[in-house]
Amino acid sequence: MREKLEKIKAEALQQIEASDGLDKLNEIRVAYLGKKGQLTSVLKSMKEVAPEDRPKVGQLVNEAREQIEGKLEETRVVLARRARELQLKKEVIDVTLPAKKTNTGHSHPNTIALEEVERIFIGMGYEVVEGPEIELDEYNFTKLNIPPNHPAKDEQDTFYINKDIVLRTQTSPVQARTMEKGKLPIRMISPGRVFRSDEVDATHSPSFHQVEGLVIDKNITLADLKGTLAEFAREMFGEETKVKFRPHHFPFTEPSAEVDVSCFKCGGKGCRFCKGTGWIEILGCGMVHPHVLEMCGIDPEEYTGFAFGVGLERIALLKYEIDDMRLLYENDIRFLKQF
Ligand code: DAH
């Protein structure tokens, strides 16, 4: 029995000595000291030992256990320290390496242009108002004095949801919605997305943006309209910018005009940018038609007003000298990064 014990002990100590990791060490512990371990099985076979020898054998087993446990602990401490050193070496951080850059995006050219338009009009005391993109035919057309047989109502131009509901073709319906609320005077702009059944090309898209403007008060005249838009053009395109009002027709204004600005590229001499004319068209406008005022519950004898509609993409394209509208919608980061 003594020899057997000595053999177990020597084997155990030798294995502990040779072990190269904490997992291995644990296996050894289980193999010798565990419930089914070798040393434990010696204790279990005690009944075969003569009763007078039992205390002696018991003592020997305990000594062997103590020695094995001691060696296990000693080795565990050494191996654990080695493992930690290895881990620290592996996870070393080089604080001299350059940091990773976080890419922050920035505003889309359309958004930059819109914020500029808003800044200018808010500075003149205007409010920014929103309206629905899915709009009643009544607001998009009827209340703006656009009769049922008007070509704009053709399915070639307008997306219909059903016979009464359309994707708004212009931001002008927000005029009617604002006037109907009955709070006067009105000084508002309304930016937003509009939709037309157009094929995509360099200057057309089935979805684009407009900024509507509306002023209603007592004694508003064409002079107010001209002064306001001239000031807007100067702020938007530069102090030297001149404006030209060309008579035009819009059903909801009378008189109506289209506004050109002097080409800010060549100063009006004529260049590739303004197609040699010296002028660039930027918006439509006019004095709000008395019919429209009446339909929206405003007395045209007491109140007058003006309205205008700017194409937002047009402003962005002009401001940044972009020659193809499609670039604004393709979301190509190489393009967008430039603004
Ligand atoms: N809604 C017009 C369009 O889409 C633009 C416009 C013209 C708006 C004259 C107005 C206006 O408010 O008075 O072409």
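How many salt bridges does the structure hold? I counted 22 salt bridges, taking a salt bridge as a side-chain nitrogen of Lys or Arg within 4 Å of a carboxyl oxygen of Asp or Glu.

Notes on the model. I worked from a predicted model, in which local features need pLDDT of at least 70, side-chain atom pairs count only at pLDDT 80 or more, and totals for chains, interfaces and linings use all residues. Residues are numbered from 1 along each chain as its sequence is written, and side-chain values use heavy atoms, with hydrogens and water left out.

Entry on Lys-218 and Glu-302. I found their side chains in a salt bridge at 3.3 Å, N to O. Lys-218 lies in the loop between β5 (207-217) and α8 (222-237) and Glu-302 in the loop between α9 (290-295) and β9 (304-311), so this pair ties together parts 84 residues apart in sequence. For the element names I used DSSP runs numbered from the N terminus: helices are H or I with at least four residues, strands E with at least two. I then looked up accessibility, where buried means under 20% relative accessible area, exposed over 50%, and partly exposed in between (1.4 Å probe, protein chains only). Lys-218 is partly exposed at 42%, and Glu-302 is partly exposed at 41%.

Entry on helix α8. I noted a salt bridge between the side chains of Glu-231 and Arg-234, 3.1 Å from N to O. Both residues lie in α8, three residues apart, about one turn of the helix. Glu-231 is partly exposed at 27%, and Arg-234 is partly exposed at 28%.

Entry on Glu-258 and Arg-246. I recorded a salt bridge of 3.2 Å, N to O, between these side chains. The pair links distant parts of the chain, with Glu-258 in strand β7 (residues 253-262) and Arg-246 in strand β6 (residues 243-248), twelve residues apart. Is Glu-258 buried or exposed? Glu-258 counts as buried, at 12% relative accessibility, while Arg-246 is partly exposed at 27%. I traced shared partners from here: salt bridges join Arg-246, Glu-258, Asp-260 and Glu-281 into one network.

Entry on rings. I paired rings of Phe, Tyr and Trp (its six-membered ring) if their centres lie within 6.5 Å, and the count comes to nine aromatic pairs. One aromatic cluster is formed by Phe-121, Tyr-126, Phe-232, Phe-306 and Phe-308. I also found Arg-177 over the face of Tyr-139, 4.2 Å from the ring centre; the rule asks for NZ of Lys or CZ of Arg within 6 Å of the ring centre and within 35 degrees of the ring normal.

Definitions and conventions
Rings of Phe, Tyr and Trp (its six-membered ring) pair if their centres lie within 6.5 Å; planes under 30 degrees apart count as stacked, over 60 as edge-to-face and the rest as tilted.
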